[in-house]
Structure formats: structure tokens, C-alpha cells
Amino acid sequence: MDKIATEVLALKDELIAERRFFHAHPETGWHTFFTTAVIADKLEKLGYMLKMGKDVVAADKRAGLGSAEACQKALERARNLLNAQQAKYLDVMQDGLTGLVADIDTGREGKFTAFRFDIDGVDVTESKEDDHRPFKEGFRADIDGITHACGHDGHISIGLGLAKLIAKNLSQFNGKFRFIFQTAEEGTRGAVGMEAAGVLDGVQHLLGGHIGFQATNFGGIICGTNKLLATSKFDVILKGKSAHAAGAPQEGANALLAAAQIALNMHAITRHSDGVTRINVGVLRAGEGRNVIAPNGYLACETRGETTELNDFMREKCEQIVKGVSLSYGVEYEIVPTGGTSGGDSDEFTTALYEKCALASPFIQDDKIRRELNFGACEDFAHFMQKVQQNGGKSGYLMIGTKLCAGHHNAKFDFDEDCLVSGVDIFLRCAFELNGIK
């Protein structure tokens, strides 16, 4: 076992404790006040320079904000959980400007390498059954309706462990490091707003990844994740006109029928020969009463595409359908974006880097290393990844193998915490490959 592995393994208990701490206090979307403040406090003590609030989020580029009441409630919850030292960071996060960037500079010329870790939970109520380890061992979510059912609590732990070891060994590195702790990854809401604030400016290498997903074998790794789908999330709000369904139906404008036609026509969009496309209307609500022409309608929709261009094709077709159907039914419409991200592929350089480091790691088994895999789903990291690549940099997305107790976004989601060691080890080896003093 080499020096890197020895230092990482020494952090194992701390990594697990950190993961369980964040698991017990989950937050979602743009309301990650507590999580951001705790991370900020830890990183500042390690010597990192922090950027927060409007310096890392372009407020007007955000989507899926949630209500002002929910934001205030989350802020007060965070204030009650934080100590005085941590609570000082809340002032710059008003209105949900959460997430942060932390930089450390070696003072020596070299590459500008960034790591991205997502920090939000999902809108799921965690299990209280005795066979669910977080409940059994006392680190279940302290709130119903929110939990870390995707592994982002583990990502935070990996990020903090990596930041600690890079700071500890700073004399062995050249260049600069940046840690992007991104909020609102779920629903693909956060990357666009953070990228617009310039968090990628000057970044030459951007590394990121995820626990689990298709990497379900402990000790395994998927080095190059490709075919991350682009997506658009949007709501359609319809305003019709109520009327008596028997006495004067001709005086109404039926938003329920318009909503139904929109949903059916969206699902009938012609698929594209250039690649994979997806459409889903996940929610449809309409109407007020049995004998009333429905004056309102609501649809929650998403499109996906193998490339950004294919997703744009699907989204534009949806917009045309909404416009055409609304006109034919005489209803008003509004399309409200709630999220979205680019599509993309890991580049060859970064895939090879991950593979080289995996082969060197004692925590990854050589026969469980998979060089590439097509993802076939969406991840907000793809927006960051594409922007870095477009700017001439290198970026790629890996998946860290772990045994899952239930699928992602399941009320019983949990993972083998030994994978936290694997994650820190891989990223630290990448840091030495890119920025280590030779």
C-alpha cells in the first residue's frame, strides 16, 4: 500500500462519520443552507478561499426555485441546526443562493484543476423500518419528505476528505485546485446558474462522478461515462374559462381537454434518426368540479436527448404542441422552465486518467474496472463538462462501485460506505497525476 492509499485509509472513520452527519440533515434544491454553511466552515479552516452567494450563482439563471415560504422555512431550519461560527455564512445565501466554490493555490505554476461534488437530497421520505441501516443505527433523516437517497451525502464526504488531503500535501503540488460544491443537482437545476456566474473560468481539468448507478460492484469503477442525456424540465400552466357543463358549455374554454391533448400529442412526437430521445408528462392536473368546464390545467414535463441538439428538437416540438393546442381550445398558456442540462461524453484523456489511477489503487479491483459505459440518463455535471470541453479543457465523469441496498431515490437507499475510501483515493491520484510535482 503506497503513501496515497495509507493517507486515504486513515480517513475512513472520518469519511463515514461525515457521510452520516450530512445524511441525518438533508436539504433539497436551492435550499441547502445548512449543508453549504457546514462545508464552508470546514474548508475555510483548511485554508481554502471561499466564494459564495452571488459570486457563484447567477440568480437570474436559476430554475425550479420553489416558493419563498419554503425557502424561508429551510433557512430557519438551518439556523436552528448551525452553531454561531457556521451560521455566519447564511447572510450571503439569502433567497437560496446556496452552494460554494473553494480555491487553494500552491503558489507554483501549473494546471488549474477543479472537482465537482453535488450536495442536495431528494424529495423522498426515508424508511423507518428496522432493516434500514440509517434508521436502525440512528442517522436517518431528521425530517420527513427529504432524504439523501442518491448518495450525495457520500459525495460531500469524498469532497471534504479530498480537500483535506490536498491541503495537507500542498507542498507536493503545482498550480491551483478548485472545489465546486453544487446545489440543486436533482432536477438538473444548479449547473446552469453556477456556470453563468463564472465558476469554470480558467479551469483546465474538471473531474466529477457518482457513487453507484451502473457501478453496483464494490471495488469496481466505470472510468468513462458517455451518452449523458441532455434534458429540459418545464411546467405548462393553462388558463381556460369556467362555465356550466350542461347549461352553457359553449361559454367555456376547457383547459382539461387542452391539457389531455397536449400530453397525448407530446408522447406522439416523432423520434429522431440521429439518436435517442425521450419525453414524459409526469403530472397532469385540471378542473374544479364535476359539472364545471375546467378553467385550469397543469402539466409537469421533461424532454431528453442523446445530444443537446436532440433535446432541443424535442423541447421545441413540445412548445409547438402547447401553442397549437391552446389556440384550438381557446385557452391561455405559460411554459415555465424548471431545470435542464446539456448532454455530453467524457473525453478520452480523462477516461484514460481515471483508468490509470484505478489500476494503481489498492481499493479498486483490476477485473472490475470498466473503461467506458453509455449512461443513458441525465446528470447536471454534463453542463459543466461540456462547457469545459468547449473551452479547450478536459473533463470526464466516473462511477464508483458500491453495493446498494435499494435503488437510487428509493426510501431504503443506502450504500456500502467503504466506497468513500475508493472515491477519495481515485480523485487524489488524479490530482497527483495532473498537478503533482514530478
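Which residues does F179 touch, not counting residues up to four places away in sequence? Select F179 and look around: Y48, L100, V101, A102, F115, F117, G159, L162, A163 and I166 are in contact with it, where contact means heavy atoms within 4.5 Å.

Before moving on, note that this is a predicted model, in which local features need pLDDT of at least 70, side-chain atom pairs count only at pLDDT 80 or more, and totals for chains, interfaces and linings use all residues. Residues are numbered from 1 along each chain as its sequence is written, and side-chain values use heavy atoms, leaving out hydrogens and water.

Now select F115 and I166 along with F179: in the largest nonpolar core, of 73 residues, these three touch the most other members. Such a core is a set of buried Ala, Val, Leu, Ile, Met, Phe, Trp, Tyr and Cys residues joined through side-chain atoms within 4.5 Å; buried means under 20% relative accessible area, exposed over 50%, and partly exposed in between (1.4 Å probe, protein chains only). Helix α13 gives this core its largest share, 11 residues.

Next, select helix α2, residues 12-24. Helices are DSSP runs of H or I with at least four residues, and strands are runs of E with at least two, numbered from the N terminus. The buried residues of α2 include L15, I16 and F22, and its buried residues pack against α3, α6, α7 and α13.

Last stop: K227, in the loop between β6 and β7. Its phi is near 55 degrees, a positive value in a residue other than glycine. K227 counts as partly exposed because its relative accessibility is 29%.

Conventions: The expected span of a helix is 1.5 Å times one less than its number of residues.
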